[in-house]
Amino acid sequence: MTAAQIAAALKQCPPEQLPKQMAQWAKDERATVRRAVEEAQKRYWAYERELERLSGLLRYERAAQQAGYGLVAGTDEAGRGPLAGPVVAAAVILPEKENYLGLNDSKKVTEKNRERLYEQITATAISWAVGIVSPQRIDTINILRATYEAMEEAVGKLTPGPEYLLVDALTLPHCPLPQEGIIHGDAKSLSIAAASIIAKVTRDRLMKTYDEIYPGYGFARHKGYGSPEHLRALEEQGPCPIHRRTFLKHILGPETAPTRQQIAGRAGEDSAAAALAEAGYEILTRNYHTREGEIDLVAKDKNTIVFVEVKCRRTGAYGCGAEAVDSRKQEKIRRAARAYLLEEGLWEQEIRFDVVEVGPGGIRIIKNAFWEQSQ
C-alpha cells in the first residue's frame, strides 16, 4: 500500500479497531505513515477517554441495579421555557453493551449529533417512548404539572416497563415506581441524557412542522423561545393557536391570558383535529382568519376541501352543538371559505362544510352540515 492509502485507511478506521491497524504499520518508516499512526493514536486515546466518561455516566443506573432493580429508565423533558409549542418528555431504557459516543445533555450536543444519537438510541434502546402535552393543557394546569404529565405519559408507554426511574431534577408525584430525582441529571446519567436527546429532537421536529402551519413567527429557528425575532412577530401578528397564553401576559399584557371558555374552545379544536386526522382527513390549517369571517379548521378529505366548524357541547356556556351554527354563522363561514379558496388558488376545487361536535359523550363528525349557498 502507498503511504497515502495507509493514512486514508487509518483515518477511516473505526476507533475500536485502531490498535490492530496501528500495530500493522507501527514500524513503517515513511514520514506520512508515521504522522498517520500518531494521529490515529491520539484518536484512540480520545476514544478511550470517551468510553471512561460514558462509563461514569452509568453510576446511577449501576447503583439501582446493585440495589436489586432490573430495568432502569431515565426521563427528561424539552420545552418548559418557550412561549409557544408543547412540552415534550421522553423515557428511555438503554442496553448494557452499546457505546453512545458523544451522548450528553442535549443542550451540549450539536443538532447534527443530536439527530445521529436519536437514530442510534431509537434503534438500539430496550424501550423508549415520548409524552406530549399541548400548549392549551399547559395554560390550563401550569407548566410544572404539564411536565409531570408528559413524563408520566412517556414512562407509562415503555414496553417493557422499568423497575426504577431516574428523573432530571424532579420526582413524579403520581408515578408509583421507585425513583430518584437528579439535579442536572441530563449531564450525570446516561439514561437521562438519552431521554433529553429524544425529547429535544422530537420537539424540534414538531416546531418545524408548526412553522409551516403558522408561518411568520420563525418557529423552525427559535423553537418557540422568546428570541427577538419571535417577540417582534408577536407584536406584529399577535399570538397564534400554539402560543401559551399564560406565558404571554407579561409580554403583551394580561388581556392575552385565556379565559376558561377560550381554553375549552382550543381544547375542543385539538380534539376535533385529532378525530379528523384519525378519520383520514389532512389538516391544512387551523383558525383561518379573514375580515370576511373565521374558520376553525380547514382540511382535505380525499379530493375535497372541507371547512370545519367545531362546536363544544359542555356544561356551561360553551356552545350547544351543531344547531348553534345558524344561518348568519353559516354565511360568515361561506365568505371566509371563498376568501381562503381565492387566496390559495383552489377556487375550482370541490368543497364541503362539516361540523364537528365535541362533548362529554364523544366526538361526532357531521358531513355536509350545510351547503355552499343558502337553500
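Because the model is predicted, local features need pLDDT of at least 70 and side-chain atom pairs count only at pLDDT 80 or more, whereas totals for chains, interfaces and linings use all residues. Residues are numbered from 1 along each chain as its sequence is written, and side-chain values use heavy atoms, with hydrogens and water left out.

Helices (H or I, at least four residues) and strands (E, at least two) are DSSP runs numbered from the N terminus. Two strands are taken to pair if DSSP finds at least two bridges between them. On this basis, 5 strands form an open sheet with mixed pairing, in the order β3-β2-β1-β4-β5. Neighbouring strands are turned by 20° against each other on average, direction ignored; axes are lines fitted to C-alpha atoms, for helices over the stretch in contact, and angles run from 0 to 180 degrees between N-to-C directions.

Strands β1 (residues 72-78) and β2 (residues 87-93) pair in the antiparallel sense over 5 bridges, with T75 opposite A91 in β2. By contrast, β1 and β4 run parallel and are joined by 4 bridges; G74 has L166 in β4 as its bridge partner. The pairing of β4 with β5 is also parallel, over 4 bridges, and L165 stands opposite Q179 in β5.

Two helices lie across the sheet. Helix α7 (residues 143-157) lies across β1, β2, β3 and β4 (164-168), at about 150° to β3. Helix α8 (residues 190-213) lies across β1, β2, β3, β4 and β5, at about 35° to β1. In β4, 5 of its 5 residues are buried. In a regular strand the side chains alternate between the two faces of the sheet. Both faces of β4 are covered, with Y164, L166 and D168 on one side and L165 and V167 on the other.

A nonpolar core is a set of buried Ala, Val, Leu, Ile, Met, Phe, Trp, Tyr and Cys residues joined through side-chain atoms within 4.5 Å. The largest such core has 23 residues, and V92, L94, L103, L117, I121, I197 and I198 have the most contacts inside it. At least two residues of this core come from each of β2, α5 (111-124) and α8, and the largest share, 8 residues, is from α8. Leaving aside its neighbours within four places in sequence, I198 is in contact (heavy atoms within 4.5 Å) with A90, V92, Y118, I121, T122, W128 and V130. Apart from this core lies another of 22 residues, among them V87, I93, A129 and V155.

The structure holds 9 aromatic pairs. Rings of Phe, Tyr and Trp (its six-membered ring) pair if their centres lie within 6.5 Å; planes under 30 degrees apart count as stacked, over 60 as edge-to-face and the rest as tilted. The rings of Y69 and Y164 are tilted, with centres 4.8 Å apart and planes at 40°. Y118 and W128 form an edge-to-face pair, 6.3 Å centre to centre with 70° between the planes. The charged end of R205 sits over the ring of Y118, 4.4 Å from its centre; the criterion is NZ of Lys or CZ of Arg within 6 Å of the ring centre and within 35 degrees of the ring normal.

Note on methods. Buried < 20%, exposed > 50% of the residue type's maximum accessible area, 1.4 Å probe, protein only.
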